[in-house]
Structure formats: C-alpha cells, structure tokens
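Work through the exercises below with the sequence and the structure at hand. Try each task before reading its solution.

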Amino acid sequence: MADTNFDIVIIGSGPGGYVTAIRAAQLGFKTAIVEKAYLGGICLNWGCIPTKALLRSAEIFHYMQHAKDYGLKADNVGYDAAAVVKRSRAVSKRLNDGVGFLMRKNKVAVIWGEATIDAPGKLTVKATPAEAPKGALGPGSYQAKHIIVATGARPRVLPGLETDKKLVWTYFEAMVPDRVPKSLLVVGSGAIGIEFASFFRTLGADVTVVEVLPQILPVEDAEIQTFARKSYEKQGIKILTGAKVAKLDRKSDSVVATIDDGKG
C-alpha cells in the first residue's frame, strides 16, 4: 500500500510548485506534489512556453515574407496552421516530460488528482479525467506536516464575454486554433493578449486590441509602452485604449462587438 504521510505536500505543479518540491526534497523533506492536469502547470503547457513557440513560427514566417530585405529569395511562402500548433504542443510536451523526470530524480511523489484541504495537515485528492503519468499516486486521503498551495492561474471570464470555445476564446482555444480567423478582437493588452495579437496578425488576421486602461502593456514602463504601441500599430494591429467591450452579439459564424471608448 502506498505511503500517504509526507513532510510537505505541494498543491500545483507549475514553476512555483515543482521548483519548491525539488528544493524541499533536496533538503531532506519527504515531499509530494499534487497535480490535476499537466505537470509543469499553465506556464509550461498553456502559457509562456507554447506561446513563444507559436511566436517563433510567426517570426520565421515574417522573415520569409521579407527575405529580399536580407538578400535572399523565398517564393510562394505560406504556413500550415495545424503544423504550427503541432510544433508548439510538442515543445510543451518535451518540457512536461522533463518535469516528470525531475520529480523522479529528486524522489518527489506525484499525486494525480484534484486536492481539497480538509483540515490542518489533511487533504483529500479526487480523480480527474486527465491521464496520470506512470508511477503517480492516485486519489485518496493524505497527510502532511506542511501544505503549500501553488495553484497558479486560470482564465478570467468577463460578464457578457463568456467563452463558447468556438467564436469566443480563452487562451486555451487561442493556443490550438484549427484555422487562423479572418479577424480577431483581443480584449486586454497585457503580455498574453499582445502575444496572441502579434501571432495572429503575422499570420494574416485583421486584429484589434481593446484595453480599458490608457496604454497597452500596463505593467511595463512608459517608454516600453510607447515603443511597443508604435511597433504593433506599424504591423497593422488596431489598438483602442481607454475602451471596453460594451456588448457582444453572437451570430452563427461571427461575433459583433460594440466598443465603448468613453467618447460616445
């Protein structure tokens, strides 16, 4: 029977969780990590890493389109959206497998499922649909002297903009499109929004970014904000700041957004 008592149990296997687990194990603590879907969390599987893989494909496509600027020739340049997505997912899978290897190497137990803290030092793990990695512990009751919560991020659903996974996306759907849309409205101009705006614009979509604050990339300094806006607008991305989506009318194969810029 599997041991269910640990010194430290970490809920969530993203960069915060798995790095903590490795260090705890190295310091001699009997350590386990609970994950319900993807080792490596959102960052490795649905965030930082796969978006950079998509952007790299878009960057190379851009260079090929402008090959003559470098004294080169590239005729009949095109892209295969499915192949671009497949490469991105493969990059994430390699790193996902790498996290699993690090858990085994450092003797960190992986508990597969969704955790609920029942009382101090006690938690219950319930089964989830995601396939468990080889050797992972399953659902059940576990105890730990210390529990660390590192559950990470998830998409924020705005009232009136609820996703239908077809015409209104979160970053999950935007990461694995079956085709590049003719036009795309990106709500929010943080790092994630701007990355997707740049990717889809490079592949030919007509992209508009709506940001409720006065400038894009709100956590960056003013110089970077100004430079980035000029660069993205030069690419052909339309940027509306100080604006918000007031209404969304969904049709069978398209969405019509009404934008309120505060000026009527």
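**Exercise 1.** In which strand does Thr31 lie? Then decide whether Thr31 is buried or exposed.

*Solution.* The model is a predicted one. Step one: Thr31 belongs to strand S2, which covers residues 31-35. Step two: buried means under 20% relative accessible area. Thr31 has 2% relative accessibility, so Thr31 counts as buried. Step three: look at the surroundings. Leaving out residues up to four places away in sequence, Thr31 touches Phe6, Ile8, Ile10, Ala21, Ala24, Ala25, Lys107, Val108 and Ala109. The side chain of Thr31 also reaches the backbone oxygen of Phe29, at 2.9 Å.

**Exercise 2.** Where is the place of Arg156, and is Arg156 buried or exposed?

*Solution.* Step one: Arg156 sits in the loop between strand S6 (140-149) and helix H5 (171-175). Step two: exposed means over 50% relative accessible area. The value for Arg156 is 76%, so Arg156 is exposed. Step three: Thr170 is 14 residues from Arg156 in sequence, and their C-alpha atoms are 8.3 Å apart.

**Exercise 3.** In what order do the three strands of the open sheet stand, and which are the edge strands?

*Solution.* Step one: the order is S7-S8-S9, with parallel pairing. Step two: strand S7 (183-187) and strand S9 (238-241) each pair on one side only, and these are the edge strands. Step three: S7 is joined to strand S8 (residues 206-211) by five bridges. Val187 stands opposite Val210 in S8. Step four: helix H6 (residues 191-202) packs on the sheet and touches S7 and S8. The direction of H6 makes about 165° with that of S8.

Conventions: Residues are numbered from 1 along each chain as its sequence is written. This is a predicted model: local features need pLDDT of at least 70, side-chain atom pairs count only at pLDDT 80 or more; totals for chains, interfaces and linings use all residues. Side-chain values use heavy atoms; hydrogens and water are left out. Helices (H or I, at least four residues) and strands (E, at least two) are DSSP runs, numbered from the N terminus. Buried means under 20% relative accessible area, exposed over 50%, partly exposed in between (1.4 Å probe, protein chains only). A polar contact is a pair of N or O atoms within 3.5 Å; within protein, one must be able to donate a hydrogen and the other to accept it, and residues adjacent in sequence count only if both atoms are side-chain atoms. Contact means heavy atoms within 4.5 Å. Two strands pair if DSSP finds at least two bridges between them. Axes are lines fitted to C-alpha atoms, for helices over the stretch in contact, and angles run from 0 to 180 degrees between N-to-C directions.
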